[in-house]
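Please look over the sequence and the model shown here before reading on. The briefing is meant to be read beside them.

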Amino acid sequence: MNSLFVFCELDEGKPVDVSLELLTKGRSLANTLGCNLEAVVLGSGIQGIEKELFPYGTDVVHLADDPVLEHYRTMPYTSVITGLFRQEQPQIALMGATTTGRDLGPRVSSALHSGLTADCTGLEIGDHYVKKTDTTYKNLLYQIRPAFGGNIIATIINPDHRPQMATVREGVMKKEIVNRNHRGELKKINVSDFIKPEDLAVEIIERHMEARRVDIKSAQIIVSGGYGMGSRENFNMLYELAAVLGGEVAASRAAVDAGFAGHERQVGQTGVTVRPKLYIACGISGQIQHTAGMSQSGKIIAINSDAMAPINSMADYVINGDVAEIIPKLIKHYKANAR
Amino acid sequence: MKGIKIVVLAKQVPDTRNVGPDAMKADGTVNRSVLPAIFNPEDLNALEQALRIREQYEGSTVTVLTMGPGRAAEIIREGLYRGADDGVLLTDRAFAGSDTLATSYALTLAIRRLEPDLVLGGRQAIDGDTAQVGPQIAEKLGWPQVTYAEEMHFENDRLVIRRRLERGVETVSAPLPLVVTVNGTAPTCRYRNARLVMKYKYARTDTELQAENADYIAGSRPLVRIIEWGTEAVGADTEQLGLSGSPTKVKEIDNVILQSKEAKQLTASDRDIEALVRELLESHTIG
Ligand SMILES: Cc1cc2nc3c(=O)[nH]c(=O)nc-3n(C[C@H](O)[C@H](O)[C@H](O)COP(=O)(O)OP(=O)(O)OC[C@H]3O[C@@H](n4cnc5c(N)ncnc54)[C@H](O)[C@@H]3O)c2cc1C
Ligand SMILES: Nc1ncnc2c1ncn2[C@@H]1O[C@H](COP(=O)(O)O)[C@@H](O)[C@H]1O
């Protein structure tokens, strides 16, 4: 049976988290399907990288090692991946919804004429029955994502085209080593079989990468602000509360769009998925695209002036009132009561 | 350098940033009618880049291309008010229900007919945030693509483009023809120009003219036509459009059922807040 492929992205020679998370998810889907889990990894000077992928239960690692692949570029990467996929005919292909995955995924899907679903929050295997033709499609990939409008979750399928492709954001799936000693098979890709001279038309002149400044994903306590915070200045209250609690500040997309906080702090379907011990939602209404990224928090406190805000129904504590009044009080009472 | 022929891809989208409580109908479907339809924000960033290039290279032209229902002509008028030279509305019943792959197929055909040197689009449309249409068009045209652009200028016939990535910036140089998708971090679009608003207020597609009181409009202003193309105009194979041309299908739509927890209800009073802080400290949630 055809394999499930994961595109493994590297950052300074290391597999990025989302790729390892997808290998973990891929392993469990492959088990359900009874097929192999294969990874494809591209780069320069990356011999030995397969050892970091096998422990996640990867059966085969396809490795393309060539100087032209040192940094991600659309065309050479697309040519290698589509070439490999034409040979191997994967039934499913998963990628991280990173700036790389979102540049590569659509290009590959167009070349192979296969469907691609962005920013999935769930992946499952299931059947699909078409009444009109009385046919049942077995073992399709259910690509589950919140859909526009707020309160709906759509299940997307690609019945007739392969591979079934999906991107997933970092943090949505959990990464888990299956067996530290697991060894799969290594297959080297002959890069010159796939890359054409015109693939090198775009040249990289300069790159400036910064260390990741904020990491809301690993914070145990998150103080998150929404559009109801009203202004960028009011977000200072949140930084203060986060500082005294030893947490990080996050934001909803409406707050990010309004310029109250940077995009790296956005929680949700198109932001980061977080699972802190405590999530304090300040002036956030709780649309599904937001809650998709925080519903697994240990405890949730919702501070909202609207007693009917959707976020309240998933909260452990609901404080009904104005953020501008409540947040300073939280800071004050914490300082007075904590040792 | 000679003038550059630019096509700007612009989509009319529901303003998902202002989704209110009445955005959903009782049956759980989206109530599109209450959402204002707007020019997709990042497509405006793309338009601005196009207008800047045109200002620098004499003989350049900027054409706004949009695919959508008849009312998407509004997007073209908006583009004209801000400085575009002309616009094409790609509209046909056969396009309805297209996923990103079928959409990019249709737009690619229109682009081929327009024969531009440069296609600029937004990074992504806010209704789905997929960011797929730009790269898929580039692939279908067989052109290179540069995504997430926030600054661009020409150096010896090549576009030098600064890209905004997750963790930093990258500068690339690319030849024409080229597809570029523009990031929201690029300069915002200039406002409408009052003179252009007067000039293009009555720009209409043929369909709009038929529906409206054409004589009245034609009599009151010099008439500007917005080009309207259907499947035949671009030579589209209808099998590759709409639902039949879309590999992705919606299997199911579920309403989200919020399982109500037994939340503790608190007020903003000092008493309630202090009790909460103490409870969290005692359970070692904080502290
Ligand atoms: C494709 C797509 C992807 C998306 N991805 C994401 C995502 O990843 N993350 C995300 O967050 N959103 C995402 N969204 C947007 C999402 O649908 C909502 O629009 C957004 O989460 C709303 O943000 P908000 O709750 O801050 O703002 P609003 O919905 O405007 O809510 C503001 C809240 O603040 C309250 N309030 C106002 N004033 C006060 C006050 N003084 N004190 C206390 N409370 C007050 C109000 O009662 C209200 O509940 C996405 C949308 C789409 C279409
Ligand atoms: N129907 C459309 N008409 C014109 N341009 C579109 C259309 N759909 C998408 N685009 C362009 O492609 C970009 C990405 O869209 P999307 O893949 O839907 O996120 C948008 O910002 C537009 O520039």
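Predicted model: local features only at pLDDT ≥ 70, side-chain atom pairs only at ≥ 80, totals over all residues.

Residues are numbered from 1 along each chain as its sequence is written, chains are lettered from A and ligands numbered from 1 in the order in which they are written, and side-chain values use heavy atoms, with hydrogens and water left out.

**Ligand 1**

- Ligand 1 has 28 residues around it, of which A:Tyr227, A:Ser252, A:Thr270, A:Ser285 and A:Asn304 come nearest; a residue is near a molecule if one of its heavy atoms lies within 4 Å of it.
- Because residues from chains A and B surround ligand 1, this site is shared between chains.
- By class, the shell around ligand 1 holds six nonpolar, 18 polar and four charged residues; Ala, Val, Leu, Ile, Met, Phe, Trp, Tyr, Cys and Pro count as nonpolar, Asp, Glu, Lys and Arg as charged, and the others, Gly among them, as polar.

**Ligand 2**

- Around ligand 2 there are 18 residues, and B:Asp43, B:Ala125, B:Thr130, B:Ala131 and B:Gln132 come nearest.
- B:Asp43 places a polar side-chain atom 2.5 Å from an oxygen atom of ligand 2, whereas the backbone supplies a polar atom of B:Met67 at 2.9 Å from a nitrogen atom of ligand 2 and an N or O atom of B:Ala125 at 2.8 Å from an oxygen atom of ligand 2.
- The protein covers 96% of the 480 Å² of accessible area that ligand 2 has on its own.
- Strands β4 (61–67) and β6 (118–122) of chain B each supply at least two residues of this shell, and β4(B) gives the most, with three residues.
- The shell around ligand 2 divides into eight nonpolar, seven polar and three charged residues.

**Backbone features**

- Most residues other than glycine have a negative phi, and most peptide bonds are trans.
- The peptide bond from A:Arg162 to A:Pro163 is cis, with omega near -5°, and A:Pro163 lies in the loop between β10 (152–157) and β11 (164–168) of chain A.
- A cis peptide bond also joins B:Leu176 and B:Pro177, with omega about -5°; B:Pro177 is found in the loop between β9 (168–175) and β10 (178–182) of chain B.
- B:Asp129, a residue other than glycine, has a positive phi near 55° and sits in the loop between β6 and α4 of chain B.

**Helix pair in chain B**

- Helix α3 (residues 100–114) and helix α4 (residues 133–141) of chain B pack at an angle of about 55°, with their axes 9 Å apart; axes are lines fitted to C-alpha atoms over the stretch in contact, and angles run from 0 to 180 degrees between N-to-C directions.
- That angle makes α3(B) oblique to α4(B), since angles under 35 degrees count as roughly parallel, over 145 as roughly antiparallel, 65 to 115 as roughly perpendicular and the rest as oblique.

Key:
Polar contact = N/O pair within 3.5 Å; in protein donor to acceptor, adjacent residues only side chain to side chain. Areas by Shrake-Rupley, 256 points an atom, 1.4 Å probe, with all protein chains shown as cover. Helix = DSSP H or I, 4+ residues; strand = E, 2+ residues; numbered from the N terminus.
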